Amino acid sequence: MLYYERKFKKQGCDIIIGVDEVGVGPLAGPVVACAVALRTTRFTNRVDDSKKLSCSQREKAFFEIIGKSMYGLGIVNEKVIDRINIFEAARIAMEEAITALAERLRLTGSRGIHILIDGRVKPRVEFPCSNIIKGDAKSKSIASASIVAKVTRDRIMGIYDAIYPQYGFRRHKGYPTSAHRSAIKEFGPCVIHRKSFCGV
């Protein structure tokens, strides 16, 4: 999972940043993006596409990743998603994550920096970027970003579960499961539901 990192290092890039988002598909809650610059690529825990890991594996990897990297987060809530659409919201979340990391790293200019982005979203940033389809399974930097974004969003949905326990957000994280759809039919949508989504 280091092909792309090694490729751009050979081209003279000192800083490789992986970017991914989670939360495009749910009926409720925010979309969360993360940008990660790893200080090392050696991990004791499994670092892979977050969807391939169990909750326990993600939590363990999360703590190791944040201890061995610099990272930035971007969070766009459901109201903005309804106003501008989910794909535009995902792009903005990525831009916010990259900007937050750039500020932490105090990056000036774009020389020696390359950003690896999962999927086809093209954030409007000053740094050179490469889109990698299924990048969270091909790049350790992107996989790290996917894990941090996933754990962060899951924790947000856990907080919402305490506020709106009737929907079961802790279990399905807002995704359109049959139980979630049934809860919407029974109780109607709540504040964090995406009103523009089919099924809400």
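The expected span is 1.5 Å times one less than the number of residues. This is a predicted model, in which local features need pLDDT of at least 70, side-chain atom pairs count only at pLDDT 80 or more, and totals for chains, interfaces and linings use all residues. Residues are numbered from 1 along each chain as its sequence is written, and side-chain values use heavy atoms, with hydrogens and water left out.

**Overall fold**

- The protein chain contains seven helices and five strands (DSSP runs numbered from the N terminus: helices are H or I with at least four residues, strands are E with at least two).
- Read from the N terminus, the order of elements is α-β-β-α-β-α-α-β-β-α-α-α.
- Along the principal axes, the C-alpha atoms of the protein chain fill a box of roughly 55 × 35 × 25 Å.
- In the protein chain, 67% of the contacts with a separation of 6 or more join residues 24 or more positions apart (a contact means heavy atoms within 4.5 Å).

**Surface and charge**

- Buried residues make up 52% of the 200 in the protein chain (buried is under 20% relative accessible area, exposed over 50%, partly exposed in between, with a 1.4 Å probe and protein chains only).
- The accessible surface of the protein chain is about 9800 Å², and carbon and sulfur atoms hold 53% of that area (Shrake-Rupley method, 1.4 Å probe; for residues, only the protein chains shown count as cover).
- The protein chain carries 34 positive and 20 negative charges, and their mean positions lie 4 Å apart (Lys and Arg are positive, Asp and Glu negative, His and the chain ends not counted; places are NZ of Lys, CZ of Arg, CG of Asp or CD of Glu).

**Helix packing**

- The buried residues of helix 4 include Ile-86, Ala-89, Ala-90, Ala-93, Met-94, Ala-97, Ile-98 and Leu-101, and also the charged residues Arg-91 and Glu-95.
- These buried residues of helix 4 pack against strand 1 (15-22), strand 2 (31-38), strand 3, helix 3 (78-84) and strand 4 (113-118).
- Helix 2 (residues 55-67) has 13 residues and reaches 19 Å between its first and last C-alpha, close to the expected 18 Å.
- Arg-58, Ala-61, Phe-62, Glu-64 and Ile-65 are the buried residues of helix 2, and they pack against strand 3 (69-76) and helix 5 (140-163).

**Loops with positive phi**

- Most residues other than glycine have a negative phi.
- Asn-85, in the loop between helix 3 and helix 4, has a positive phi near 90 degrees and counts as partly exposed at 40% relative accessibility.
- Lys-134, in the loop between strand 5 (129-132) and helix 5, has a positive phi near 55 degrees and is exposed, with a relative accessible area of 61%.

**Asp-49**

- Asp-49 is in the loop between strand 2 and helix 2 and is buried, with a relative accessible area of 6%.
- Leaving out residues up to four places away in sequence, Asp-49 touches Asp-136, Ala-137, Ala-143 and Ser-146.
- The C-alpha atoms of Asp-49 and Ile-147 are separated by 7.3 Å, although the two residues are 98 residues apart along the chain.
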